[in-house]
Amino acid sequence: MRRVEIKGIVRNVSPLRIGNRGVVDFTSTAGVQLLKNSRGTPYIPGSSWKGVFRSTGEVIARKKGLRVCTGLTGDTCVDKIPEFQELIEKDIEKAKKVFWEKTCLNCKVFGAPSVLSSVYFFDSYPFTYKIGVKTIIAISRENGAVSKGALATAEYLEPNSTFSFLLLGENMPNYAIGYILSIMKEIHDGLSQVGGYKSRGFGFVKFDKLELKITHYSEKSGSGSSLLPLDELDSKVDYTQGELSGDEFFKKNSSLLEVFNNARIQYPM
Ligand SMILES: [Zn+2]
């Protein structure tokens, strides 16, 4: 019925570190590299965004008194429906109904085993960046002790590096768009961090040049800046079109944040 696009730029206001997870070894004295593509350009993968959005969403939903699952393998709402896989194969309409009734908002928005997410995060590539190197003390993973003389170097991105940001959503109800915007605002306001070394104060980012674009494929979705409710929990709302600074974007689209806050979302579990 509709396609939702949120695009903008991301600027880190503290050092930022997106490491190469498979390679990081804090006990080695070797240089700890940033995650880079084959041409050596550091980037923030869509999967990192998805992880940050889901975990930030968890905090927001719980503050609202709602229950959401952790999304960890084997611990999603879908894992608690043992007959789900069989239902998908035998009765897809019933599977859709069961999914709707028995899964949390995070499973609906960010996906679950056998179910695609309704939002897609693109990799973020830098427009401008500067790599810094920090010396850190390597701590043994086994006993938490500082290994003898083990100083490691770690690469990070200096503050004021800028990256692209793009998120696409399919058929998201207004409260789900509001939920995504609430998550972005939490990150923008410095209440949630991105990447590694969070306890060292890394990973604070701000959004800028934000634009919410909604393409209606059906009259039932709405027209122009007017968004019709997509399901029984949803309500009608207007949003602000055009590119805005981060602060302005969240202020001018506060009606969407409110739709999320007021939605009487049912939680199973
Ligand atoms: Zn869930």
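This is a predicted model: local features need pLDDT of at least 70, side-chain atom pairs count only at pLDDT 80 or more; totals for chains, interfaces and linings use all residues.
Residues are numbered from 1 along each chain as its sequence is written. Local features need pLDDT of at least 70 and side-chain atom pairs pLDDT 80 or more, while totals for chains, interfaces and linings use all residues, and side-chain values use heavy atoms, leaving out hydrogens and water.

**Exercise 1. The zinc site**

Find the residues that coordinate the zinc ion, then work out the geometry.

Step 1. Look for donors (N, O and S atoms within 2.8 Å of the metal, or 3.2 Å for Na, K and Ca; water is not among the atoms, so sites may look incomplete). The SG atoms of Cys 69, Cys 77, Cys 104 and Cys 107 coordinate the zinc ion at 2.3 to 2.4 Å.

Step 2. Read the spacing along the sequence: C-x7-C-x26-C-x2-C.

Step 3. Check the angles. The four donor atoms subtend 95 to 120° around the zinc ion, so the arrangement is tetrahedral (four donors with all angles between 85 and 135 degrees).

Step 4. Check burial (under 20% relative accessible area, 1.4 Å probe, protein chains only). Cys 104 counts as buried because its relative accessibility is 0%, and Cys 107 is buried with a relative accessible area of 0%.

**Exercise 2. Around Ile 180**

Which residues does Ile 180 contact, leaving aside neighbours within four places in sequence?

Step 1. Take contact as heavy atoms within 4.5 Å.

Step 2. List the partners: Ile 6, Phe 53, Val 109, Phe 110, Val 119, Leu 167 and Met 172.

Note on methods
Four donors count as tetrahedral if all angles lie between 85 and 135 degrees; four count as square planar and six as octahedral if opposite donors are over 155 degrees apart and all others between 65 and 115; anything else is irregular. Buried means under 20% relative accessible area, exposed over 50%, partly exposed in between (1.4 Å probe, protein chains only).
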